[in-house]
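Please look through the sequence and the model below before reading on.

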Amino acid sequence: MTLPPIEDEVARYYTDKVRTHGAAPRGVDWNSAESQQLRFRKLLQVVAGDGPFTLTDYGCGYGALLDTLAGDRRLLDYQGFDISTAMVDAARQRHAARANCRFTTDAAELSATDHVVASGIFNVRLGIEAQRWRQYAVSTLQRLADLARVGFAFNMLTSYSDAERQRPDLYYADPMQWFDHCKRHLAPRVSLLHDYALWEFTILVWK
């Protein structure tokens with residue numbers, strides 16, 4: 001499978017991370033397991049109610065979110081997608097014994113699910129120009145919306161981060177700009193979460 005140029009760059013970056021650090025938070029470029037779990041808790045707020053659900057993990061890495069969902073009996077089916085083959089190989093190995101889950105690097109294999117979550121996929125833009133990266137994010141969010149029957153959630157680094165600590169290879173987004181985009185173009189019900197102790201925000205979108 002041939003990836004578009006932007007995704008090819010990002011795939012190579014994350015492939016190097018997982019080969020260097022293994023199936024661990026640093027393998028998907030997070031600082032700690034605690035921050036990773038906090039992100040998951042925020043994203044999973046999109047799954048409202050007590051009923052059963054299906055879920056797509058878009059940018060699944062080595063499948064850490066599935067560990068978090070392991071005890072949730074409401075989860076009927078899980079599909080994980082990542083553009084890094086090394087990540088998907090690690091996820092398949094990690095969850096080989098688990099039923100009702102599958103992993104793929106081919107977006108064409110994804111089917112619609114009740115919910116879609118995407119953690120960290122918009123952060124690392126490397127040397128890609130910011131406006132081009134924003135256009136990539138817009139098209140990717142449309143993919144998430146198309147896959148989700150009920151709702152989807154994603155996170156981004158916040159432009160409210162201290163300027164002197166911002167890295168030039170990362171994308172720092174204006175949270176209100178992305179709230180407005182989702183509200184105007186993707187769905188009528190949108191929630192912005194910017195109340196937790198990380199330099200990022202989470203947006204939840206329900207159709």
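Two strands are said to pair if DSSP finds at least two bridges between them. With that in mind, and remembering throughout that this is a predicted model, the reader can begin with strand β7, residues 189–193, and strand β8, residues 200–206, which run antiparallel and are joined by 5 bridges. A hairpin of 6 residues leads from β7 to β8, and within the pair Val 190 stands opposite Val 205 in β8.

From the strands we can turn to a pair of helices. Helix α1, which covers residues 5–21, packs against helix α5, which covers residues 130–147, with the two axes 11 Å apart and at an angle of about 90°. Angles of 65 to 115 degrees count as roughly perpendicular, and α1 and α5 are therefore described as roughly perpendicular to each other. On the α1 side the contact is made by Pro 5, Ile 6, Glu 7 and Val 10, which meet Arg 132, Trp 133, Tyr 136 and Arg 143 in α5.

The interior comes next. In soluble globular proteins, nonpolar side chains tend to be buried together. Here the largest nonpolar core has 43 residues, of which Tyr 58, Phe 152, Phe 154, Met 156 and Trp 178 touch the most other members. Two or more residues of this core come from each of several elements, including α1, α4 (85–94), β4 (113–118), β5 (148–158) and α6 (175–185), while α5 gives the most, with 7 residues. Which residues surround Phe 154, once its neighbours within four places in sequence are left aside? Phe 154 is then in contact with Leu 43, Ala 118, Phe 122, Leu 141, Leu 144, Cys 182, Phe 201, Thr 202 and Ile 203. Apart from this core there is a second, separate one of 28 residues, and among its members are Leu 38, Leu 55, Leu 75 and Tyr 196.

When its neighbours within four places in sequence are left out, Asp 114 is in contact with Pro 52, Phe 53, Thr 54, Ala 148, Arg 149, Val 150 and Gly 151. Ala 108, by comparison, has its place in the loop between β3 (101–104) and β4, and with a relative accessible area of 70% it is exposed. The C-alpha atom of Ala 108 is separated by 25 Å from that of Asp 16, a residue 92 places away along the chain.

Finally, the backbone itself deserves attention at two places. Asn 100, in the loop between α4 and β3, has a positive phi of about 60° although it is not a glycine, and at 53% relative accessibility Asn 100 counts as exposed. Leu 126, whose place is in the loop between β4 and α5, likewise has a positive phi, near 55°, in a residue other than glycine. Leu 126, however, is buried, with a relative accessible area of 18%.

How values were computed: Residues numbered from 1 in each chain as written. Predicted model: local features only at pLDDT ≥ 70, side-chain atom pairs only at ≥ 80, totals over all residues. Heavy atoms only, no water. Axes fitted to C-alpha atoms, helices over the stretch in contact; angles between N-to-C directions. Helix = DSSP H or I, 4+ residues; strand = E, 2+ residues; numbered from the N terminus. Parallel < 35°, antiparallel > 145°, perpendicular 65-115°, else oblique. Contact = heavy atoms within 4.5 Å. Core = buried A, V, L, I, M, F, W, Y, C linked by side-chain atoms within 4.5 Å. Buried < 20%, exposed > 50% of the residue type's maximum accessible area, 1.4 Å probe, protein only.
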